[in-house]
Each structure stands twice: as C-alpha cells, then as structure tokens.
Amino acid sequence: PPDISRRHVLLMDPVLATGRSVCEAIHVIVEKGVPPSRIIFVSLIASPEGLREVATRFPDITIVTTEIDHCLNEDLKVTPGVGDFGDRYWLGL
C-alpha cells in the first residue's frame, strides 16, 4: 500500500531455516520506508541459525515463533522440522 511506511507490517513464513529469504523480504520492506521496529516476523518453526541471522541483521524487529528446532541439516533443512512446507503445500508432496 502507498502508506506502508506508516504501518506495522506482519511478515509470515511457516518455516525459518537459514533466514536468507526472510532477511531479503525485510530488506525490501525497509526500503519501502518501514522502520524495522514496526516489522513483526512470525514463523511456526525456526532454526537457531535462522533466528540468529535475522536477529543479527535486523535487531529491531520482533520475532515470534511457536517452535525452535534443533538445527539445520547438511541440506539446510530444519531438523527435525516438518519437511519442505512449500513443496508439500504447492506441489502436494
């Protein structure tokens, strides 16, 4: 919306793995004029590595998650996680 810089933004991603895509999304929102303190990121499952990446790059945002899993595996998937949410949702795998 044209007045996004005056709003609070709720950014959602079901699984936070590496944090790279979330950081890119936050970067785009900040470029539109939204202060990081007005961004709330919500995930269902998060890895410690992803949380650390987002919190380090954007210390002023609020992060909400329901579960912090153990770690990322060698394929950069949250372990134990729920599999690839996007594939399950969009491709029916």
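A polar contact is a pair of N or O atoms within 3.5 Å; within protein, one must be able to donate a hydrogen and the other to accept it, and residues adjacent in sequence count only if both atoms are side-chain atoms. The views below come from a predicted model, in which local features need pLDDT of at least 70 and side-chain atom pairs count only at pLDDT 80 or more, while totals for chains, interfaces and linings use all residues. Residues are numbered from 1 along each chain as its sequence is written, and side-chain values use heavy atoms, with hydrogens and water left out.

View 1. A polar atom of the Ser-47 side chain lies 2.6 Å from the backbone oxygen of Ala-17. Ser-47 is buried (under 20% relative accessible area), at a value of 0%. Neighbours within four places in sequence set aside, Ser-47 is in contact (heavy atoms within 4.5 Å) with Leu-16, Ala-17, Leu-72 and Val-78.

**View 2. The crossing of helix α1 (residues 20-31) and helix α2 (residues 48-57).** The two axes come within 9 Å and cross at roughly 25°. That makes α1 roughly parallel to α2, a term for angles under 35 degrees. From α1, Val-22, Cys-23 and Ile-26 meet Glu-53, Val-54 and Arg-57 of α2. The residues of this contact divide into four nonpolar, no polar and two charged.

**View 3. Gly-33, in the loop between α1 and β3.** Gly-33 and Asp-3 stand 30 residues apart in sequence, and their C-alpha atoms are 9.3 Å apart in space.

Technical notes. Axes fitted to C-alpha atoms, helices over the stretch in contact; angles between N-to-C directions. Helix = DSSP H or I, 4+ residues; strand = E, 2+ residues; numbered from the N terminus. Parallel < 35°, antiparallel > 145°, perpendicular 65-115°, else oblique. Nonpolar A, V, L, I, M, F, W, Y, C, P; charged D, E, K, R; others polar. Buried < 20%, exposed > 50% of the residue type's maximum accessible area, 1.4 Å probe, protein only.
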